[in-house]
Amino acid sequence: MLDLQYICDNLEPVAENCRNRGVEVDLDSIVALRGRRSELITSGDELRREQKATSSQIPTAESDEAKQVLIARGRELREQLQGLDGELAEVEADLRSGQSCIPNMTHPDAPIALGDDGHVELRRWGDVPEFDFEPRDHVAISEAHNLIDFEAGSRVAGHGFYFLKNEAVLLELALMQLAVTRLREADFTLMTTPDLAKDEIIEGIGFLPRGPESQIYSIENSELSLVATAEITLGGAFKDQVLEIDDLPLRCAGISHCFRTEAGAHGRATRGIYRVHQFTKVEMFGFTAPTLEASNAFHNEVVEIEEGLFQALEIPYRVVDTCTGDLGGPAYRKFDLEAWMPGRGDGGDWGEVTSASNCTDYQSRRLGIRCRTPGKKGTEFVHTLNGTAVATSRALIALLENHQRADGTIHIPEALRPWIGSDQIG
RNA sequence: GGAGAGGUGGCAGAGUGGCCGAAUGCACCGGUCUUGAAAACCGGCGUCGUGUAACAGCGACCGGGGGUUCGAAUCCCCCCCUCUCCGCCA
């Protein structure tokens, strides 16, 4: 959520930003609602002041008649106030829902475009493997080595669910171990997190928990939903807290399951574990001082960690600067890592494996996460950032497909061996 | 899941209808004193909204929401959370 004052003071830049991001908003109605809100607050305050003055005279009223007059006046004031408060509640609800539709402002260097093709590749690492045999995709590979059971997944939970088996299990655990070990070295506080969260928290982070388009599974007859990422729980962990600026940046690394309905994804490439309803993830989350210097620096650090991990996995990747149309609501800038996946598309393709966003104060404003600076009055909203350390399902795809050999065995990168106990599968 | 107790400022802890945005203590900040520190003494010490050039002023906030009343931290209803005991359980 953007600051209301900011929106009204910067109508044209905000409108332009919305156009760049492909979001339609009615800024005029927001301005009008804000004006009405101010009027209601001002007259409400005035009524309350008079109400206080009136009722404080009652105990010392000279006569019973005088007292009755004051009581009648007080009753009248209360009724007026109830009317005002009712309207105020409506206006604020409308204002808030309008305000929530406005996306975050955008980093000046982010590419401006609406479609996928607007992304800008910043750099590449590693060489795309050239096979002197016909490479298999991860589905075929896991069939050969008995690594993933899709049929059992379907029987138990339906399409989009799966069982990992044998070395795939070890690989998933090893990926998490590697990520967690490195994040601990980088001074992140490790945490496991709830896999459910209140809708209020989910909205604060910027997801829509209910409704036909929702990517989120919600629990019937409750305010809870299954999380789509630990970003939700890690950000929500500090809801309504005031942090000391000297304690920032706060680095958290959360392990969680991620649940996604993938509504509207039917018909898209659905083979294998690229797009599934449940996967496991190690997520980074940061709270920084409320300056772009601080959060941009942290953003770069997050991407560096992600790159370090994929380098350790010996997987070729490219870093992509996400264009305005694909930033979503909360992100100010987003860098994705796309790993090379030889089995994807026709002859291999890049596939998103991580995503790192600087959300500036967009999430913290709605969640009420602030910081205090000694000697400075008041508090400010912190900046929040999130990034995938490793999403095990997609990392697994890249791992299996890039490291397959002509004889059918799969090379295991050095970095994972401590947890696998072997240098190859098969 | 059942029974009880409780949620008040950074913390502790008063406050059962008006004089309460809230005693007191601790912590914290500034000052006096001191060679320095401690102690003592004096003063300050919340957040949000509105407003101001900046002060001031005004309003809201005693777990959350609703209600009663001229007036609610205080009375009533619903919800959440914490603690103790019992049951169940990895």
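How many bridges join strand β9 to strand β15, and in which sense do the two strands run? Eight bridges join β9 (residues 278-288) to β15 (residues 383-391), and the two run antiparallel. Welcome to a short tour of this predicted model, in which local features need pLDDT of at least 70, side-chain atom pairs count only at pLDDT 80 or more, and totals for chains, interfaces and linings use all residues. Residues are numbered from 1 along each chain as its sequence is written, chains are lettered from A and ligands numbered from 1 in the order in which they are written, and side-chain values use heavy atoms, with hydrogens and water left out.

**The eight-stranded sheet**

- Eight strands form an open sheet with mixed pairing, in the order β1-β10-β11-β12-β15-β9-β8-β4. Here helices (H or I, at least four residues) and strands (E, at least two) are DSSP runs numbered from the N terminus, and two strands pair if DSSP finds at least two bridges between them.
- The edges are held by β1 and β4 (189-192), each of which pairs on one side only.
- Neighbouring strands of this sheet are turned by 25° against each other on average, direction ignored. Axes are lines fitted to C-alpha atoms, for helices over the stretch in contact, and angles run from 0 to 180 degrees between N-to-C directions.

**Helix α7 and its helix neighbours**

- The axes of α7 (residues 167-185) and α10 (residues 292-312) come within 11 Å and cross at roughly 135°.
- The two helices are therefore oblique to each other; angles under 35 degrees count as roughly parallel, over 145 as roughly antiparallel, 65 to 115 as roughly perpendicular and the rest as oblique.
- From α7, residues L178, A179, R182 and L183 meet I305, G308, L309 and A312 of α10. By class, this contact has six nonpolar residues, one polar and one charged (Ala, Val, Leu, Ile, Met, Phe, Trp, Tyr, Cys and Pro count as nonpolar, Asp, Glu, Lys and Arg as charged, and the others, Gly among them, as polar).
- With α12 (residues 392-402), the α7 axis comes within 10 Å and crosses at roughly 115°, and that makes α7 roughly perpendicular to α12.
- Here A168, L171, E172, L175 and M176 of α7 meet T392, A395, L396, L399 and L400 of α12. The residues of this contact divide into eight nonpolar, one polar and one charged.

**The three-stranded sheet**

- A further open sheet has three strands in the order β7-β13-β14, again with mixed pairing.
- Strands β7 (242-244) and β14 (379-381) stand at the edges, each with a single partner strand, so one side of each is left without a neighbour in the sheet.
- Its neighbouring strands are turned by 40° against each other on average, direction ignored.
- β7 pairs with β13 (residues 370-372) in the parallel sense over three bridges, and L243 has C371 of β13 as its bridge partner.

**Aromatic pairs**

- The structure holds six aromatic pairs. Rings of Phe, Tyr and Trp (its six-membered ring) pair if their centres lie within 6.5 Å; planes under 30 degrees apart count as stacked, over 60 as edge-to-face and the rest as tilted.
- One of the pairs is W125 with Y317, stacked at 5.7 Å centre to centre with 15° between the planes.
- W125 lies in β1 (residues 120-125) and Y317 in β10 (residues 317-321), so the pair ties together parts that are 192 residues apart in sequence.

Conventions
Contact = heavy atoms within 4.5 Å.
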